[in-house]
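Welcome! Please take a look at the chain shown here, and then let us walk through its fold together.

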Amino acid sequence: MILEIADFRIHPGQNAAFEAAIEKGLASVISKAKGARSFSVNRGIESADRYVLQITWDTLEDHTVGFRQSEAFNEWRAIVGPFFAGPPTVEHFELVTQST
């Protein structure tokens with residue numbers, strides 16, 4: 001499993017609209033992507049315009065090739081992209097250890 005973490009800021013005052021849009025995008029696009037297993041979204045407390053999206057993928061290629069190079073990625077960005085105040089930072093992680 002691979003964990004994708006996308007860290008982004010949205011335009012101030014757009015929280016409610018953005019949260020509705022990201023829920024729509026996760027339900028209609030991400031949840032149908034090959035290899036996407038789970039996701040969560042967290043909003044910053046100190047910085048209310050900052051969000052962190054975590055998506056668990058079966059493989060790195062499921063995200064970087066299968067999703068990012070598909071029409072589904074364009075659909076996703078059309079839903080959430082207009083809210084971004086700048087490009088998101090996206091990184092991938094492998095599990096080292098976890099609680100039981």
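## Overall fold

How many helices and strands does the protein chain have? This is a predicted model, and in it the protein chain has three helices and four strands. Starting at the N terminus, these elements follow the order β-α-β-β-α-α-β. The radius of gyration is 13 Å, close to the 13 Å given by the globule rule for 100 residues, so the protein chain is as compact as a globular protein of that length.

If you turn the model along its principal axes, the C-alpha trace spans about 35 × 35 × 20 Å.

## The β2–β3 hairpin

Now zoom in on two of the strands. Strand β2 covers residues 36-43 and strand β3 covers residues 50-57; they pair in the antiparallel sense, with seven bridges between them. The link from β2 to β3 is a hairpin of six residues. For a handy landmark, find serine 38, whose bridge partner in β3 is threonine 56.

## Contacts and burial

Among contacts in the protein chain with a separation of 6 or more, 71% are between residues 24 or more positions apart. Of the 100 residues, 30% count as buried.

## Surface and charge

The protein chain has an accessible surface of about 6,200 Å², and carbon and sulfur atoms account for 52% of this surface. As for charge, there are 9 positive and 13 negative side chains. The centres of these two sets lie 4 Å apart.

Note on methods:
Residues are numbered from 1 along each chain as its sequence is written. This is a predicted model: local features need pLDDT of at least 70, side-chain atom pairs count only at pLDDT 80 or more; totals for chains, interfaces and linings use all residues. Side-chain values use heavy atoms; hydrogens and water are left out. The radius of gyration is taken over C-alpha atoms; the globule rule is 2.2 Å times the number of residues to the power 0.38. Buried means under 20% relative accessible area, exposed over 50%, partly exposed in between (1.4 Å probe, protein chains only). Contact means heavy atoms within 4.5 Å. Accessible areas come from the Shrake-Rupley method with a 1.4 Å probe; for residues, only the protein chains shown count as cover. Lys and Arg count as positive and Asp and Glu as negative; His and the chain ends are not counted. The place of a charge is taken as NZ of Lys, CZ of Arg, CG of Asp or CD of Glu. Two strands pair if DSSP finds at least two bridges between them.
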